[in-house]
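Hi,

Here is the structure I promised to pass on.

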Amino acid sequence: MWRCTGPRWSGGGPEPEGRFGQRLGWYCAERGAERTSLLRAGKTLAFAAQGERRCLGVRRAGRWIVCPYDAVLDGASAKDQCARCAQLDRSRSVAADTMADDPRPYGVYLAYFGPGLLKVGITAAERGAARLVEQGAVAYVWLGRGPLMAARRAEAVLGSALAVPDRFTKSAKRAARGALPPVADRVAELARLHARARDPELWPETLEPVEFACTDHTELFGLDRIPGEVAELGGMTAGAEVVGEVLAGVGADVYLRLAGECGRGPGQGVGGVVAVMDARVLSGWVLGAAGGRVTTVPVRAAVAGVGEREGGGQEGLF
């Protein structure tokens, strides 16, 4: 039985399907096997949630440790772990500051999500830009590299000095995508903060500086394909179906043009509406083929600049 493990960004292989992009992950506990499926633009999705949504357990050393409690999860939540597995996961987590002894070098970055929405953060240097893509950063620049604790200190000092936070809500990120300025303006905003961060009075001595070089994700995410008005898909329940065409993928969000008349709730009866789905709500579900031709997940009506933190019969679903 294959369960979805949620969205991820991976790839880069020689085959067309191996290119870097947004994917859904899958895990079969009975086989101890994993696979992914590419969520490329133009792909049709037609799936239904089956049975109960279960905790995925904990991923360690490149493999899944199945939840020993076989816990049932809330279908509407983006969380894919029960409380006890989440606690175990955070026992060795950089984000939770429980891995102070991590010997790997870390990078400090500035990420741009929209006008005035810039944040400072850190990620293991070996991961490259993966963390930025997973968060849905529209553009980013590296500030410097160094040991974990030096990067942590730099994150705190520079975040305070530049008056930028270390996180934004999902709603703020989504809303900003509906009104992005030209690429040149994004680069200029990052360049100003990068220059300020290099002030000798602010710069931590233990951090190796990185020259300014901006990376923009317009093409990778397909930002130009996202319209100004976007509805929102609610959470999954047993039997709920999603039917639509993939338009774009940003971080954990998938933008779909829904087929036919869409679901129950404020958006019902609107054919061809574009809606955004947090693909993390799919994790833990067994997803079978949709029995109908319309989306039955609740759809919140479209607004300008939308609001509001991977049985073998599924092989052909995506």
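Below is what I found in it, roughly by topic.

First, the ground rules. This is a predicted model, so to speak of a local feature I needed pLDDT of at least 70, side-chain atom pairs count only at pLDDT 80 or more, and totals for chains, interfaces and linings use all residues. Residues are numbered from 1 along each chain as its sequence is written, and side-chain values use heavy atoms, with hydrogens and water left out.

On confidence (pLDDT is the predictor's own score for each residue, from 0 to 100): the protein chain averages 86, and 86% of the residues score at least 70. Contact here means heavy atoms within 4.5 Å. Where pLDDT is low, the predicted coordinates should not be read in detail.

Now the aromatics. Rings of Phe, Tyr and Trp (its six-membered ring) pair if their centres lie within 6.5 Å; planes under 30 degrees apart are stacked, over 60 edge-to-face, and the rest tilted. That rule gives 6 aromatic pairs. In one of them, W9 and F20 have ring centres 5.9 Å apart and planes at 40 degrees, so they are tilted. W9 sits in strand β1 (residues 2-10) and F20 in the loop between β1 and β2 (21-28), 11 residues apart. Helices (H or I, at least four residues) and strands (E, at least two) are DSSP runs, numbered from the N terminus. W9 is buried at 10% relative accessibility, whereas F20 is partly exposed at 37%. For those words, buried is under 20% relative accessible area, exposed over 50% and partly exposed in between (1.4 Å probe, protein chains only). W9 and F20 also form one aromatic cluster with F221.

Y27 and W64 make another tilted pair, with centres 6.3 Å apart and planes at 40 degrees. Y27 is in strand β2 and W64 in strand β6 (residues 63-65), so this pair ties together parts 37 residues apart in sequence. Y27 is buried, at 12% relative accessibility, and W64 is buried, with a relative accessible area of 12%.

R35 lies over the face of W2, at 4.6 Å from the ring centre, and R84 over the face of Y69, at 3.6 Å.

On to the interior. A nonpolar core is a set of buried Ala, Val, Leu, Ile, Met, Phe, Trp, Tyr and Cys residues joined through side-chain atoms within 4.5 Å. The largest has 35 residues, and those with the most contacts inside it are V108, L110, L143 and Y255. Among the elements that each supply at least two residues of this core are β7 (106-114), β9 (139-146) and α3 (148-161). Beyond four places in sequence, V108 touches residues including V120, I122, W142, L143 and L207. Apart from that core lies another, of 28 residues, among them A231, V242, M277 and V281.

Strand β14 (residues 253-258) deserves a look: 5 of its 6 residues are buried, so the strand is largely enclosed by the rest of the structure. Strands pair if DSSP finds at least two bridges between them. β14 runs antiparallel to β13, with 6 bridges, and V254 in β14 is the bridge partner of G249. The β13-β14 hairpin has 2 residues between the strands, and G251 there takes a positive phi near 60 degrees. β14 is also antiparallel to β15, with 5 bridges, and L256 has A275 in β15 as its bridge partner.

Finally, a few single residues. R177, in helix α4 (residues 170-177), is buried at 8% relative accessibility. Leaving aside neighbours within four places in sequence, R177 contacts V250, D253 and Y255. L132, in helix α2, is buried at 0%, and its C-alpha is 7.1 Å from that of A111, 21 residues away in sequence. R127 lies in the loop between β8 and α2 (130-135) and is partly exposed at 35%.

Cheers

Definitions and conventions: A charge sits over a ring if NZ of Lys or CZ of Arg is within 6 Å of the ring centre and within 35 degrees of the ring normal.
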